[in-house]
Amino acid sequence: MSQLRRICIYGFFSVLLLSMLYGCSKTEVKPVSLKMAVGDRFYIGTALNSDQIVGADTSAIKIIKQHFNAVVAENVMKSEVVQPIEGEFDFNMADKFVRFGLDNKLFITGHTLIWHSQAPDWLFVDKQGNDVSRDVLIERMRSHIHTVVGRYKGIIKGWDVVNEAVLDDGTWRKSKFYEIIGADFVKLAFEFAHEADPEAELYYNDYSMAKKGKREGVVAMVKSLQEQGVRIDGIGMQGHISMDDPTIEDFEKSIVAFSELGVQVMVTELDLTVLPMPNMNAGADIALNFEFQKELDPYANGLPDSMSIKITERYQDFFKLFYKHSDKISRVTLWGVADAQSWRNYWPVKGRTDFPLLFDREYKAKPIVEKIINEDL
């Protein structure tokens, strides 16, 4: 074989090999998950329940590892779980949650330090059952926050420090924290958290954040904290949405308004109920509980295709909004992995069948997942 022919053949196969490798490379970088598709726009996260934390729900764990790069604990870090008895801390499940996040290199959010709901009974009362003094409650707050945040110092990168302190009309919620301490309880909570871990990001988290009254109330509260020199790094907008509320326009107004405070905006607890609400002003107040009625559970036997299409379109509209404001949004977190596990099945009416998340009861991705991955929004 002539030297020239050998060179030509070698050159042909070299080009062929490079083409094959280039083709494989293109295939490998094609998004195959939500986190790859979202890229560096923002974290895409999910809440973990106990079965997922301990490894029992293997189907959900596969989804979490493939699609998400951030996690938050649905319940196991709340004060009634972590400190059920004064001075006696139970970090068993919280430690397992954090270990899951570390093992899978996920951004971990601690949820939540101070919340009027799911708090232990002892927190607000003395041995006789009477309200404790302001100083006692402040010390109990300090002890709880220092112990919990201090345990995960340098590990948990962000904390929901205070949850749901403002009502929909923008006024203060008259919780026991507010009644006993006054509005300063929010300031103190953020100060205690900062003392416990000066490097951790600190967030305020609330529902119905697209409502004008709440938007203005939260803006006023955060401005006041900032003027007092209190560190607050982000505002979490709980995304408990329905098919027609809130409007995209109102949600956008809040994203912009909160961002203008110079803090991160996070969409937290995102889910989409398709069920009728017995009370349109319920927000996401878990204390509400309405009696089951058949007409409030219209899709017990399955979701019609027409509604499935509407769900896809509604989620598309919101993800378009999130992409539009990705310079302001640092994280979008779904409140659960698959439909059957969602709190929407038992709130505000127990025993209903809802379809609020991105993966169905068989852990299969809904059409919206493919649209996000393919950037078909």
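User: How do the axes of helix α11 and helix α12 sit, in distance and angle?

Analyst: In this predicted model, the axes of α11 (residues 248–259) and α12 (residues 305–324) come within 11 Å and cross at roughly 25°. Angles under 35 degrees count as roughly parallel, and the two helices are therefore described as roughly parallel to each other.

User: And is that crossing left-handed or right-handed?

Analyst: The crossing of α11 and α12 is right-handed.

User: Which residues meet there, between α11 and α12?

Analyst: On the α11 side they are Ile248, Phe251, Glu252 and Ile255, and on the α12 side they are Asp317, Phe318, Leu321, Phe322 and Lys324.

User: What about α10 and α11, at what angle do they pack?

Analyst: Helix α10, which covers residues 212–227, packs with α11 at an angle of about 5°, and their axes are 10 Å apart. That angle makes α10 roughly parallel to α11. Arg215, Val218 and Val219 of α10 make the contact with Asp250, Lys253, Ser254, Ala257 and Phe258 of α11.

User: Back to Phe322, what does it touch?

Analyst: Leaving out residues up to four places away in sequence, Phe322 touches Phe42, Phe251, Val267, Leu270, Ile329 and Val332. Phe322 is also among the residues with the most contacts inside the largest nonpolar core, together with Phe97, Trp159, Val162, Phe190 and Tyr204, and that core has 106 residues. There is also a second, separate core of 6 residues, which includes Ala47, Trp335, Trp343 and Trp347.

User: Switching to Thr333, where does it lie, and is it buried or exposed?

Analyst: Thr333 lies in strand β8, which spans residues 329–334. Its relative accessibility is 2%, and because buried means under 20%, Thr333 counts as buried.

User: Which residues is Thr333 in contact with?

Analyst: Apart from its neighbours within four places in sequence, Thr333 is in contact with Gly45, Thr46, Ala47, Val72, Val267, Thr268, Glu269 and Leu270.

User: Zooming out, how many helices and strands are in the chain, and what share of its residues count as buried?

Analyst: The chain has 13 helices and 8 strands, and 51% of its 377 residues count as buried. Among contacts in the chain with a separation of 6 or more, residues 24 or more positions apart account for 78%.

Terms used:
Residues are numbered from 1 along each chain as its sequence is written. This is a predicted model: local features need pLDDT of at least 70, side-chain atom pairs count only at pLDDT 80 or more; totals for chains, interfaces and linings use all residues. Side-chain values use heavy atoms; hydrogens and water are left out. A nonpolar core is a set of buried Ala, Val, Leu, Ile, Met, Phe, Trp, Tyr and Cys residues joined through side-chain atoms within 4.5 Å. Buried means under 20% relative accessible area, exposed over 50%, partly exposed in between (1.4 Å probe, protein chains only). Contact means heavy atoms within 4.5 Å. Helices (H or I, at least four residues) and strands (E, at least two) are DSSP runs, numbered from the N terminus. Axes are lines fitted to C-alpha atoms, for helices over the stretch in contact, and angles run from 0 to 180 degrees between N-to-C directions. Angles under 35 degrees count as roughly parallel, over 145 as roughly antiparallel, 65 to 115 as roughly perpendicular and the rest as oblique. A crossing is left-handed if the near helix is turned anticlockwise from the far one by less than a right angle, and right-handed if clockwise.
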